[in-house]
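Visitor: I am new to this structure. Please show it to me, and then I will ask about its parts.

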Amino acid sequence: MSENLKEWIKDIVIAVVIAVVVLQFIMPTVVCEHSMEESFHEHDYLFVSKMAYKLGGDPKYGDVIVFQSDIPNGNSGKNKLLIKRVIGVPGDKIYIDGQTVYLNGKALDEPYTKDGYTATYMDEVTVPENALFVMGDNRQNSADSRDVVNVGFVEMERVKGKVFLRLFPIKDFGGVYKNIDRDINK
């Protein structure tokens, strides 16, 4: 075997090993629908940290997560992965008055929502242990925790990870948590 061929094989093996290791920690994801507009658009390419909550971190208000739903994904035989924003964590109380979302009795300032309001009425619910209440940023076009039949509360074991980076489109490359006030206890 020639020296050049050995070097090529070595380089390919190293690249495969690195790719396998990286994919244990990061899940590339493409946005396929419109429920997270204006924050994310169809065909945005995102990186999701699979380890964000497995290494001791807990989800927080404002985190954008990807999770396995019970909604069928066409003819694939698998259920859809959904991308939504965390609105409530275990013990939080949430209600919606047809305009504004309230978390633990305080109106949320949600500059990331597409239309600036939530046209839903929802009686107060308490997020159960080991679950999250999630909503899309495009509130008028989102299957999320308000839909108790198809989504409801999201159990932590269904969470695939936390979105941390947008790769594409290039003009929007970078972190995804700009201008989000996570201190809801002010």
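Predicted model: local features only at pLDDT ≥ 70, side-chain atom pairs only at ≥ 80, totals over all residues.

Visitor: How many bridges join strand 5 to strand 6, and how many pair strand 5 with strand 8?

Guide: Two strands pair if DSSP finds at least two bridges between them. Strand 5 and strand 6 (residues 101-103) run antiparallel, with three bridges. Strand 5 and strand 8 (residues 121-126) are also antiparallel, and methionine 122 in strand 8 is the bridge partner of isoleucine 96. The numbers are three for strand 6 and four for strand 8.

Visitor: Which residue takes a positive phi in the hairpin of strand 5 and strand 6?

Guide: Three residues lie between the two strands of this hairpin. The phi in question is near 95°, and the residue that takes it is glycine 98.

Visitor: Is tryptophan 8 buried or exposed?

Guide: Tryptophan 8 is found in helix 1 (residues 3-25). Its relative accessibility is 60%, so tryptophan 8 counts as exposed.

Visitor: What is the closest N to O distance in the salt bridge of aspartate 44 and arginine 166?

Guide: A salt bridge is a side-chain nitrogen of Lys or Arg within 4 Å of a carboxyl oxygen of Asp or Glu. Aspartate 44 and arginine 166 form one, with the closest atoms 2.8 Å apart. The pair links distant parts of the chain, aspartate 44 in the loop between strand 1 and strand 2 and arginine 166 in strand 11 (residues 159-168), 122 residues apart. Both residues are buried, and the distance is 2.8 Å.

Visitor: How many residues apart in sequence are the parts that lysine 114 and glutamate 37 tie together?

Guide: Lysine 114 forms a salt bridge with glutamate 37 at 3.1 Å between the closest N and O atoms. Lysine 114 lies in the loop between strand 7 (106-107) and strand 8, and glutamate 37 in the loop between strand 1 and strand 2, so the pair ties together parts 77 residues apart in sequence. Lysine 114 is partly exposed at 34% relative accessibility, while glutamate 37 is buried at 10%. The separation is 77 residues.

Visitor: What is the relative accessibility of aspartate 137, which meets arginine 85 in a salt bridge?

Guide: The N to O distance of this salt bridge is 2.7 Å. Arginine 85 is in strand 4 (residues 79-88) and aspartate 137 in the loop between strand 9 (131-135) and strand 10 (154-155), 52 residues apart. Arginine 85 is buried, with a relative accessible area of 1%. Aspartate 137 also counts as buried, and its relative accessibility is 0%.

How values were computed. Residues numbered from 1 in each chain as written. Heavy atoms only, no water. Buried < 20%, exposed > 50% of the residue type's maximum accessible area, 1.4 Å probe, protein only.
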